[in-house]
Amino acid sequence: MKYLSLFCLVLLGLLLHAVLPLQAAEWGNLSGQFIYTGNPPNPKTVKLTKDQSLVIGKNGGLKNIFIFLKKKKSQEINIHPSYYQLPKKVSLFHQNSIYEPHILGLWHKHQELVVINKDPHDHIVHIHARKNYFPGTLPKKIIKQRTFRFQTSEIYPIPVKCIIHPWETAYLLVLDHPYFSSTDETGAFTIKNLPVGDFQFRIWHEKVGHLLAKEEWERGRIKIKIKTGKNDLGVIKVSPKLFEKK
């Protein structure tokens with residue numbers, strides 16, 4: 001009985017050691033807004049044979065920019081309990097012969113991708129993964145829904161294309177943590193409940209890859225010290241020159 005009691009005390013200590021750091025952890029939100037400084041392109045009818053990669057809102061907000069925490073290989077990051085309530089499935093739709101949404105993120109340890117065809121005609125999805133493998137063999141019959149499970153994270157967002165309709169493209173960010181976001185039509189983003197500490201974030205847009213909105217952002221990298229509560233980057237001006245072909 002003496003040894004059993006001692007064992008229980010040791011076990012309780014281990015459990016407390018595992019739980020207390022999470023309970024004692026502090027959290028902060030990271031936000032900002034990307035504004036395009038040039039004249040927005042004139043609105044035109046979107047052709048089904050052309051992908052729309054530069055989307056600018058009425059206020060100049062630059063949509064579809066990824067912002068994500070970049071982990072070091074050996075780095076362990078606390079995950080806020082609220083993230084475990086995220087849906088187990090992330091959906092990508094073939095709709096009106098385009099992908100909706102155009103960009104999306106996935107926490108592969110907790111979520112899987114479901115591609116759903118809502119069009120009356122056929123589509124065949126092809127994920128251009130760098131580290132995950134999906135067989136390229138075409139199915140014998142076209143299916144309306146397909147599930148993809150990722151075994152590891154991808155370094156950068158990967159293209160998702162339709163083999164039948166080559167203009168259909170989406171971009172998927174696959175990470176081993178949930179600390180990522182993307183800008184909406186106003187150019188704004190928020191990553192909630194980040195652990196307090198020093199981290200590196202990446203800024204990415206499909207048209208240029210690393211988005212060098214500021215000179216000190218080498219290869220789209222930002223070093224940020226996350227503090228408890230609000231961490232606001234403010235308005236980040238994005239020059240049209242960044243999107244010019246060199």
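## A three-stranded sheet

Three strands make up an open sheet, ordered β12-β1-β16, with mixed pairing. Strands here are DSSP runs marked E of at least two residues, numbered from the N terminus. Two of them pair if DSSP finds at least two bridges between them. β12 (188-195) and β16 (229-238) are the edge strands; each has a single partner, so one side of each lacks a neighbour in the sheet. On average, neighbouring strands of this sheet are turned by 15 degrees against each other, direction ignored. Axes are lines fitted to C-alpha atoms, and angles between N-to-C directions run from 0 to 180 degrees.

Look at β1 (residues 27-36). Six bridges join β1 to β12, and the two run antiparallel. Within this pairing, Gly-32 sits opposite Phe-189 of β12.

## How the model was read

This is a predicted model: local features need pLDDT of at least 70, side-chain atom pairs count only at pLDDT 80 or more, and totals for chains, interfaces and linings use all residues. Residues are numbered from 1 along each chain as its sequence is written, and side-chain values use heavy atoms, with hydrogens and water left out.

## A four-stranded sheet

Another open sheet has four strands in the order β4-β3-β6-β8, and its pairing is mixed. β4 and β8 (145-148) are its edge strands, each pairing on one side only. Neighbouring strands of this sheet are turned by 20 degrees against each other on average, direction ignored.

β6 (residues 112-117) runs antiparallel to β8, and four bridges join them. Leu-113 has Phe-148 of β8 as its bridge partner.

## A strand with two faces

In a regular strand, side chains alternate between the two faces of the sheet. Strand β15 (residues 221-226) has a covered face with Ile-222, Ile-224 and Ile-226. Its uncovered face holds Arg-221, Lys-223 and Lys-225.

β15 pairs with β13 (residues 197-205) in the antiparallel sense, over six bridges.

## A histidine in a loop

His-165 lies in the loop between β9 (158-162) and β10 (169-175). Its relative accessibility is 12%, so His-165 counts as buried. Buried means under 20% relative accessible area, exposed means over 50%, and partly exposed lies in between (1.4 Å probe, protein chains only).

Which residues does His-165 touch, leaving out those up to four places away in sequence? They are His-121, Asp-122 and His-123. Touching is contact, with heavy atoms within 4.5 Å. The side chains of His-165 and His-123 also make a polar contact (3.1 Å). Such a contact is a pair of N or O atoms within 3.5 Å; within protein, one must be able to donate a hydrogen and the other to accept it, and residues adjacent in sequence count only if both atoms are side-chain atoms.

Most residues other than glycine have a negative phi, and most peptide bonds are trans. Asn-64 has a positive phi, near 70 degrees. Asn-64 sits in the loop between β1 and β2 (66-70). With a relative accessible area of 8%, Asn-64 is buried. Asn-96 also has a positive phi, near 55 degrees. Asn-96 belongs to the loop between β3 (89-95) and β4. At 59% relative accessibility, Asn-96 counts as exposed.

The bond between Glu-100 and Pro-101 is a cis peptide bond, with omega about -5 degrees. Pro-101 lies in the loop between β4 (98-100) and β5 (103-107).
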